[in-house]
Structure formats: structure tokens, C-alpha cells
Amino acid sequence: MKRIVSYGLIVSLISLFIISSLSCASKKNIKFSKKKLPARSNVAIIYDGENNLKNVVLVKFLSKGYNVRAFNSADLYRLSDVFDIKDMKKISYGLSADEGAILSMQKSFSNIYKLHFYNYEINKAELLTELKNKWKVNYLVILDLKDWTHTSWGRLIDLDSFEIMWIENYPTKYNDNIETILDHLIGSMAGK
Amino acid sequence: MRYLVKISIALLLFLSIPIVDAEAAPTMAFGYLANNSGDDNFDYLETIFPNSFANSLKNIFDINVVKPIGVNKILKKYKMKLEKKYEPFELPELAEKTNADLFIYGNFTPLPDGRIKILLHLYSERSKRLFTFTNVGRMETEIFRLVDRITDILLNFMDTKRFYMTQPIVPSSQIGFFTNLKSEDLNEFYIPFLNSKYRVSSFQANTLGDDIDEDNIQIFKSISTRDNSYDTITDKRKVKFLTGTWTGERYIKDVKAARKLFQKHDLYYQKTKNAVLHRLYKTYKGRMDYLIVVGFNSRHTNAWIRCIDLKNKNLIWMESNITGDITEIALKMIDRMKKGTDKKPDK
């Protein structure tokens, strides 16, 4: 009986391992690099995580000689956390008038919704311009660090041209930790 | 023959008529193509153009066409006459009276150097949507060439892909993408463009992720720009902001605010949006050439596109039903961007 249970356990573990490996294997490692992140550049880093982990991220960049600007403190919200304009759309459906009026008001609300996104993107771009001009930041680094079976990823944006300079999707390995992922991504954007 | 069947089905899909009702051929009514030149010598073209488009489309599709003279005859029963110009909100009534599934009308303006500008409106009664496009090309001595050119645009748009494109988008252009993808999926989408030497702007790439789902991005399907638009028709006459005996100062203030909101975001939306697009263009220091909205379905296997040229703030590319995974969809887009329209542009 004990032997049957042991075999069952082993088969289950092997199946679990195969499934996990397959889910990991389905994630592709992709990378593009147009320009290396120059040594001693002024960078602003966006990373959404606990404060102790944020510190690990910042320390990694600092220890590699980059000048890290004090950004990434109060702006790690999601759009919906700040201003959920979707509620306005729901209100628009509640209008009781004839069909033409409803359609027209829905169009108004849809247009407000569209302009909200455009304006949001413009505001971000204006903030980035300010970052560059007032804070002397040359590059914006965006990082999302994930656990095993998920994909960590990053982007590097040149604030002079507003262009994406580097991108990588890095499927996190079983033996990775936050430091090894950071070593890999920083090395990749620096062209090492 | 297969080609004809295919495009007939495409037309039925465009009209949103279920295939089971396919026995009744759809009706396409034609208004005038008004002469905008101020020169009476061109007046004869006001009916020649629509009649030619009607014949050309009749030869391809299994449809009933009603030419301007026929439309006028029907409208006479209602003590009305076919006008040279219509406001979009007048079209539903016109289509209803003429029993038309589609109504086409527009205007033309002869330009210097033997060129002509044609503006066409194509209204679909089923979807209540109006597709407007402008075509500038040679004023052909053989009118059928010009008719073919416009018919090609209509055919492409009536296809299931709803394809419309005015110009290629060359590599080295800087593009801002607005999509409902995020995180590593967005990176996967960007890579083929970057590898093809397009410059991808930080627009929407500069955050960890926006929460835009499949439903929300649909709102961006309607698009209204200076020369080309694809938009829902609304009737401003039906929008009333009522005031009466018991309305006080505070209520009047609220009503005025609501009316202002409506004017800004419906009646004069194009002006409002142009101001926003101009601000966007300036913020990016004129470096972002195109803004491309790409809406994916929830499984990321099907996408649609709207592209605005930020310099002249015009819709230049529309397409739907692009299938594949994220990378395949990006590669199909790139192929289309490099080729531009199927036809070579007129010189």
C-alpha cells in the first residue's frame, strides 16, 4: 500500500514538474536593443513592488555606476485606481429619453472617455519632458520583475527622442531571485 | 464567379444582414456628387459621377441600385426633393424613405494641375454608421478610370476587412501605439516594428500597464478626422436640455454645463479632438508621425486598426479582422504599412 502511495506521489510530482516546465517553456525570451544604456547615465526607474524590493532595484543600478534620480515614489498607480471614468459610461446608459438622445449622449460620453486617454498620455509625456529638463534624467527604465513560470520584462526609453531603445521579455528561471533577474536585465540594457 | 460570391457575402456582412435573409438583394441609393467648384460648366458631373458609381457597383455586386433621378422620384411622394448636401443626422430619414440599406452622396472640387478632390459619404442604415473619405487624384479624361479608382476604395471598405488606406507608412517613421495589450505582451507586439526599423514612441510604453480591456478599446473604433471619418450618426435635434417654470438659477447653470459638454464632445468633437491631437504632436516635439490604435480581442488572436497622421490630423488607415498571434498580427501590419494601398497612387 505504502509503495502505491509513493508511486502516486512521484507520478504527481513529475506531472507537476512537466506542466510547470511546459508553461515556462511557452514564454519566449525576446529582446531588442537599438542603443546601449551608457555608463554613468542619469536614469529614472519605474518599478512596482514593496519598498524593500524597490531598494534592491535601486541599489543594483547604483552599484553599477548609474545615477539614479529620486523618481518612482508616488506615481505607481494604475489608471483605474485614480480616476475610474468607466463609471461615467455606466451613468450614460441610465438616461431615460428617446433613442436619438440616448445615442447622442452616449457618443458624448464615449468621446470624453477617448479624450481622457489621449490627455492622460499627453500628461505623461509632459511629465517625462519635465523629468528630462528639470531633473536632468536621460533615460527612463521600466521594470516588472516576476516569479518563476512568469515573465519578467523591461523597457528603456530615451527621453531625448521619446523612443524605445531596449526591450526584453525574460522568462524567470527556477533558480532566479530578484538580484539575478536585475543583473540579467541591467546587463542586457547596458549591452554586456 | 467565386470572387463575385465572396464579395457579395462581404457586402452582406457590411450591411449586417444575416446570410439566411440573403434572398433580398440590398438596396444602394445614390445622391448627387455636388459641384463645389462654383463653375456651372462642371454641373453635368453631379449626376454623371453617381450614375457611373452605381453602374460600376451594380456590375460587381448583386444589389439594387437607385440612381439620383430614382431617389428624387421616390422623395416626390413625400413632397421632398433630393438635396445636394445633407447633414449626417438627416440620413436615417432619407434611407428610410428611399428604403435603402446604403446611401451614397458627396461632392467634388476640381483642383489646379488637372486634379480633382472627391469627397464621398457612405451611410449604412443597419449600423447607423457613416464612412466619409476624400480622394485627390487626376481628373481623368476617361471618366471610367476615375470611377474605377473610387469604386476600388468602396470595394475594399465593403470587404470583411473594412480596409481603407491612403498612403504607406515607411520604416524610420516614429509611431505611437495605443492598444489594449500590456506588459510582456506589449513588448512582444513592439519587437517586429523595432526590428523593421520603425521608431516606436514611448507613448503608452512608459508605464507598467494600463487597464484597457477589449470592451473599452472598442470605443476607439469610431474615428472622426478632417477628411476621413468612420463614425456613429447622432441626431442633435433630439437632444434637448429642458428648462421650465420651476427651474431656478442653479438648475439653469447645470443645464448650461450639460449643453456645453454636449457641444464640446459631440457637436464640435472634431475641433475638440484636433486641439488634443495638436497638443500631443507638440508634446512629442513633432517627432511622432503616426498614432496607431490597435484593438485586440481578449485572446489576442484578432485585431483592428485605426491610424491617424499626426501632421495633418487625418485618418489614413482602417482595417479589421487581422488574425494570428501577437507577432503575426504585427508582421501583417508591417507588410501592409510598407505596401500602402493595393493601387499605386495617382501622380
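Predicted model: local features only at pLDDT ≥ 70, side-chain atom pairs only at ≥ 80, totals over all residues.
**A quick tour of chains A and B**

- Strands in a sheet are held to each other by backbone hydrogen bonds, in either a parallel or an antiparallel arrangement.
- For the parallel kind, look at β1 (residues 27–35) and β3 (residues 102–111) of chain B, which pair over six bridges.
- Two bridge partners to pick out in β3(B) are Phe108(B), which goes with Asn35(B), and Asn107(B), which goes with Ala34(B).
- For the antiparallel kind, turn to β3(B) and β4(B), which pair over 10 bridges.
- Across that pairing, Tyr105(B) stands opposite His121(B) in β4(B).
- β3(B) and β4(B) also make a hairpin with three residues between them, and Asp113(B) in the turn has a positive phi of about 60°.

**Two domains in chain B**

- Chain B splits into domain 1 (2–160) and domain 2, which is made of two stretches, 174–230 + 271–339.
- The C-alpha centres of these two domains of chain B are 30 Å apart.
- Where the domains touch, domain 1 of chain B puts in six residues and domain 2 of chain B puts in five residues.
- On the domain 1 side of that contact in chain B, there are two nonpolar, three polar and one charged residues.

**Getting around chain A**

- Chain A has six helices and six strands.
- Walk along chain A from the N terminus and the elements come as α-β-β-α-β-α-α-α-β-β-β-α.
- Of the 192 residues in chain A, 28% are buried.
- Take the contacts in chain A between residues at least 6 apart in sequence: 61% of them join residues at least 24 apart.

**Where chain A meets chain B**

- The contact between the chains takes 43 residues from chain A and 42 residues from chain B.
- On the chain A side, β1 (30–33), α3 (79–82), α5 (99–135), β4 (139–144), β5 (151–158) and β6 (163–171) each supply at least two residues.
- The top contributor on that side is α5(A), with 21 residues.
- By class, the side of chain A that touches chain B has 20 nonpolar, 11 polar and 12 charged residues.

**The largest nonpolar core**

- In soluble globular proteins, nonpolar side chains tend to be buried together.
- Here, the largest nonpolar core has 116 residues, and those touching the most other members are Tyr139(A), Leu140(A), Ile157(A), Phe103(B), Ile104(B), Ile292(B) and Ile305(B).
- From chain B, both domain 1 (2–160) and domain 2 (174–230 + 271–339) give this core at least three residues each.
- Leaving aside residues up to four places away in sequence, Tyr139(A) touches Leu37(A), Ser41(A), Val43(A), Leu156(A), Ile157(A), Asp158(A) and Leu159(A).

Definitions and conventions. Residues numbered from 1 in each chain as written. Chains lettered and ligands numbered in written order. Contact = placed C-beta atoms within 7 Å. Helix = DSSP H or I, 4+ residues; strand = E, 2+ residues; numbered from the N terminus. Nonpolar A, V, L, I, M, F, W, Y, C, P; charged D, E, K, R; others polar. Pairing = 2+ DSSP bridges. Core = buried A, V, L, I, M, F, W, Y, C linked by C-beta atoms within 7 Å. Buried ≥ 20, exposed ≤ 12 C-beta atoms within 10 Å, placed from the backbone. Domains from an automatic or database assignment.
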